[in-house]
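Visitor: I am new to this structure and would like to look at it first. Please show it, and then I will ask a few things.

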Amino acid sequence: MTITFIGHGYVGLVTATVFAELGNTVYVIGHTPEKIENLKKGILPIYEPGLEELVKRNVKAGRLLFTLDYKPAVPESEVVFIAVGTPPKPTGEADLSVVYAVAEEVGKHLDGYTVLITKSTVPVGTSEKVREIIASVKPEKAEFDYASVPEFLREGQAIGDTQHPDRIVIGTDSKKAEDTLVKLHEPIVMDGTTKVNVVLTNIPTAEMIKYASNAFLATKISFANAIAQLSESVGANGPDVLEAIGLDKRIGRFFLNAGAGYGGSCFPKDVKALIAIADQHKYDFKLLKEVEAINKEAIMGIVKKTKHVLHNDLSGKTVGLLGLSFKPDTDDMRDAPAIIIARELLKAGATIKTYDPIAMENAKRIFAKDEGIHFVDDAYAAALDADVLVVVTEWNEFRQLNLSKVKQHMKEPNLIDGRNIYEPETVKQLGFTYFGVGR
Ligand SMILES: NC(=O)c1ccc[n+]([C@@H]2O[C@H](COP(=O)([O-])OP(=O)(O)OC[C@H]3O[C@@H](n4cnc5c(N)ncnc54)[C@H](O)[C@@H]3O)[C@@H](O)[C@H]2O)c1
């Protein structure tokens, strides 16, 4: 099949490349000449493990084509995916301006029959507006159907998630579009010996499934953080409680870790967007408002512990901050808890030395105007002369640090383990003052 993706971010680039790898001809349309030229050479605008090699292979094979132009990509394509960003507006609603702008461009270039899909996370009702836009600009003879195929990939594991998803959701009111999309996804559905579940449904249901999934996962994380906080007060071991409840199949172990809160490009914005959708429909989604509040507390909990260990006097103190991206194996800094934590500590008078294996360049842009934050070359350099070391992102390379060496580097051996990656007893035996989350 010939298909087009608009957008080459974490979703667009990964999904497009996986479809190219399956033998399709895939155009990827961007809007920044420099990024498109780089992509042609295999230089990617994002970091995702394994992606560079896959992109290069498919570019070389002539199946993955990067372009700024809608022609000939859209007229040649049977299927067009919109995979652009839908960031939050100040009100919490999803900003759909880019979705609408690219839909108009797609509409103008339609030729023959095309299935148009939003892969971007969009609120229920977006389909109507997109269809209206396209109908108003498309050439008279061009025909199209609309579908919602939401994306569930996790950054850091995006290729595996796209090749072996838990389920594929296809929402459309057209049998022809459904058949086309089932055929396109066939090689993914027949995943070796297992068959991936395909949920065939209508458009509003597909759109709602995406928000409900992310809101539920965020709820699980906030539940874990609430249990952790309470465990600290009652003398229970929070991580053990969560481990044990997660063994119940009805609950499940995933996303039940206490820590420095959730962040990233999806959970914060999708929770906000679902609250806004609910408000518009006169439903007060109190549960999700509380999920947000608990998440803020979890992030601020790390700040509080850091201040506590420094006796609430941070002036002249140095904090070593390990990890900046919102989670390991990505360079994505959007809504990363590290941003709030670092700024709160800077505001209180601390100097920060920080290291992240991949997200430093993106972080430098975010902290460009902040004074007192220094980017260093490795975890030991972050620990050098520090009064406290704070782990914010659980990158694997932090798990096996030589903690004796870390201690020797530090001015004071204080360790705030914001992701519970160290064994408290081991760390205490080395002479650290240790605080985890819920422990
Ligand atoms: N990142 C994730 O883990 C994830 C997972 C599932 C769903 N989603 C959803 O998928 C959508 C995309 O997310 P993302 O993380 O890939 O975003 P992103 O910011 O990484 O990528 C957005 C892409 O859109 C492109 N773009 C912006 N304006 C454009 C224009 N006028 N013409 C062409 N391209 C344009 C950008 O250049 C960029 O390549 C969002 O709605 C998001 O909520 C994201």
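Visitor: Leaving aside its neighbours within four places in sequence, which residues is Val392 in contact with?

Guide: This is a predicted model, where local features need pLDDT of at least 70, side-chain atom pairs count only at pLDDT 80 or more, and totals for chains, interfaces and linings use all residues. Residues are numbered from 1 along each chain as its sequence is written. Two residues are in contact if their C-beta atoms, placed from the backbone, lie within 7 Å. By that rule, Val392 touches Ala260, Ile302, Leu321, Leu322, Gly323, Leu324, Pro337, Ala338, Ile341 and Gly418.

Visitor: Which domains does the domain assignment of the protein give, and how far apart do their C-alpha centres lie?

Guide: The bounds come from an automatic or database domain assignment. That assignment gives domain 1 (2-165) and domain 2 (202-439). Their C-alpha centres are separated by 32 Å.

Visitor: How many residues does the contact take from domain 1 and from domain 2?

Guide: On the side of domain 1 that touches domain 2, the elements giving two or more residues are α6 (126-137) and β6 (143-148); helices (H or I, at least four residues) and strands (E, at least two) are DSSP runs, numbered from the N terminus. The contact takes 22 residues from domain 1 and 22 residues from domain 2.
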